[in-house]
Amino acid sequence: MLTHYLKIAFRNMQKQKMYAAINIGGFAIGIAACILISIYIRNETSYDQTNRNKENVYRVLGKMTMAGTTFYGTSFQPPMSKALLSDFPQVKKAGRIMHNRLFGGTENQIRRTDQVNNNYEAGFCFADSSTLDILDIPMVYGSNITALKAPNTVVICKSLADKYFPKQNPIGKTLIFNNNTQKPLTIGGVMQDFPANSHMQFRGFISLSGLGFWDGEQESWYSSNYGIYLQMNPGVDIDAFSKKMSDHILDEYVIPSMKQNGQANTAEVRKNAHLILQPLTDIYLKSYNIEEDHIKHGDARFIWLFAGIAGFILILACINFLNLSTARSANRAREVGVRKVIGSTRANLIRQFLTESLLYSFFSFVLGVVLAASALPVFNNVAGTQLALPWMEWWLLPALISSAIVIGLIAGIYPAFYLSYFKPATTLKGSISMGTRNSGLRSGLVIFQFTVSIVLIIGTAVIFKQMQYILNSKIGFDKEQVVTIEGADALGPQTAAFKAELLNLPFVKNVTVSDFLPINSTKRNGNSFYNEGREKQDAPIRSQHWVIDENYLATLGIKLSDGRNFRTDMPTDSQATIVNRSMVKQLGLKNPLGKVITNGYEHLTIIGVVDDFYYESLKQQVEPLVMILGNSNSMVSVKLKSSDMRAAIAAINSTWKQFQPHQTMRYDFLDQSYAAMYSDVKSTQYIFTGFSVLAIVVACLGLFALAAFMAEQRSKEVSIRKVLGASVTNLFALLTGNFLKLVLISLVIAIPIGWLAMNKWLEDYVYRIQLSWDIFAISGIIVIIIALVTVCWQAVSAALVNPIKNLRSE
């Protein structure tokens, strides 16, 4: 019997080639989208799953609510880890990491002791030896328990070990970091390279044992620079422990330290500050609201958003199948009647129609897998991933087969019951020749299809406009034609001479030496400031504290709105500061020039005020900024005045070689670094665009087939109207008007949905576009044009046909 069902199904597919192609093509597009997103979700949810203790490993988070806004942080005081371990028996192990560029160690110039040429190596951080044990880092050589116990030791990944000590066990060998020959680092262990699905992507850990960044730093509760990981004993109630931990650390350590330092806002901190524990397996996907941890993040919200969109595309394809099956009911009605007369039961007919649906589904899955494999490299490039189809996994084929069965049954169940319901007496009399009038469900489904498509187009348009706003808005500094040279701290005392040589080049307009730049991955230093004399009365003003030189403002085009720039010939400028407008506002100063501010160890006189400029993401408010004159020399920024960038870079590189013949010059362009800050937005834009195109293609495939079928069903009506004098324009309007009404209804439904969804997305940005009417108008016009183009060929063809052809049999 199955062979019979399959034979009839194949015959019907051959008889209706266009409808078969549209059904299979639409299904395949939806299936390909779902396969790609499924692989993506599988990868994103696999992060940090290999840790054998993952159920008991947590990261400490700080939560602070101020002025109705909640902030999360991962930086804590040096002694907190030790306090948690000693004060709470629930804590089995505690360990710290520190990868703040302010203290170096994150990016290094490295060489063996028997070599003279340095190699740039990024991806290092400082860590306790216990951290490697808590994170269950697999070792190639050495133990993750003892590898970092000794001072001046380092653990490197296998790829670095193979690079510097090929085919050797490097434990006990030394490496020179950043030309510091006085303190070479001894290799205490070699770890496996972190897998791609780990939130940590470090290539080396430098021991914190015996290390202090200033006198008394390791005992201070006044500075916060360390991330803390805990391994808890099994069975601990984490919520209850978090509250107990928060109360104890604040009451016993943090608040007393604040009072000792004379801070006035201890009551506010005690009320609004909390410590919580974040599970290891949540760090990657659920840290999108944490800006300061500088580690690899995903976003659970977008994963499920993309999954929903891919599911909608598949639903659109199922709708096409359902619509076309019911629209062609009149063509199949006589077949149903004949088969029932000769003995077929309704169950047999249902099985027949479901077999056809399953056959379409299987063909579609084969094509969908091919499309997914072909599109995967493009998807990887857009999403910044390295995904692959799991061809060798045992579950892949069963999953595809079972999915094909489920999709085939879902798509075919309604048409099967609908078509098998026809009564022989009615169908054989021809009473269902106009069965296509039962179009309410089809119209509703078409409206749903185009509503989804329009919402996606609106989303694409909004993301595109926000991206253009980010890249082209006035950000308060000039990022164009600025070359940033990294690793310049290797110049040491020659930095000033190098800067002078660059200024002599004809291509160079200005040069500044500072590693505090308004882009990600450069130094940051948070401090608390007060108006001098108000330390015990006022709450502290949290501010960035940057070290710059006298050429910084001119090189980056930052405008002074009040006062003057730094001058190296004025000794008093060593105790001076230039602040931004946000700092002036927070301090409550009407006439800031000459006022003195302090962070407890510096007393700085304000000599200038700059307009606010965006030095972090546009998702954040411009925060207060204090700039002082000094030496922070790991980066040199060069403002060029030449359009011949190749010649300018060659001249700068030649100058670099005069000072550093054993180290390759590393450089980037400030505008490109700025754009890279928003690579996630760019990826979202591309993915939305791709999904929008797929959705509109699937919807239009169904619309095209419906238009063709309706034109066929109404061919005699069109011919009669033409004989009676109807013009081609009248006939075109007759055949397209209903479809345009459906699209317009879809537009009315989609606009509020799109507005709500994208307004919610824009809430992540402090500085954002306004949702204006033109976004929705353009989206609507695009969809109307696409719908018209889709149906007009069928409509025009039907309107131009010779009436005799359709009426000769009457």
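The model is a predicted one, in which local features need pLDDT of at least 70 and side-chain atom pairs count only at pLDDT 80 or more, while totals for chains, interfaces and linings use all residues. Residues are numbered from 1 along each chain as its sequence is written, and side-chain values use heavy atoms, with hydrogens and water left out.

**Aromatic rings**

Rings of Phe, Tyr and Trp (its six-membered ring) are taken as a pair if their centres lie within 6.5 Å, and planes under 30 degrees apart count as stacked, over 60 as edge-to-face and the rest as tilted. The count by this rule is 26 aromatic pairs. Select Trp546 and Tyr615 to begin: their ring centres are 5.1 Å apart and their planes stand at 70 degrees, so the pair is edge-to-face. This pair links distant parts of the chain, since Trp546 is in strand β17 (residues 541-548) and Tyr615 is in the loop between β21 (603-610) and β22 (625-629), 69 residues apart. Helices (H or I, at least four residues) and strands (E, at least two) are DSSP runs, numbered from the N terminus.

Next select Tyr674 and Tyr678, an edge-to-face aromatic pair with 5.5 Å from centre to centre and 65 degrees between the planes. Tyr674 is buried at 0% relative accessibility, and Tyr678 is buried at 1%.

**Charges over rings**

A charge sits over a ring if NZ of Lys or CZ of Arg is within 6 Å of the ring centre and within 35 degrees of the ring normal. Select Arg96, whose charged end sits over the ring of Tyr226 at 4.8 Å from its centre, and then Arg666, which lies over the face of Tyr120 at 3.2 Å from the ring centre.

**Strand β3**

Strands pair if DSSP finds at least two bridges between them. Strand β3 runs antiparallel to strand β12 (residues 227-232), to which 6 bridges join it, and Gly95 has Tyr229 as its bridge partner in β12. Strand β6 (residues 124-127) is also antiparallel to β3, joined by 2 bridges, with Phe126 as the bridge partner of Met98.

**Two loop residues**

Which residues other than glycine have a positive phi? Asp48 is one of them, at about 60 degrees; it lies in the loop between α2 (17-44) and β1 (57-66) and is buried, with a relative accessible area of 8%. Lys167 also has a positive phi, near 60 degrees, and lies in the loop between α5 (158-164) and β9 (174-177), but Lys167 is exposed, at 88%.

Terms used
Buried < 20%, exposed > 50% of the residue type's maximum accessible area, 1.4 Å probe, protein only.
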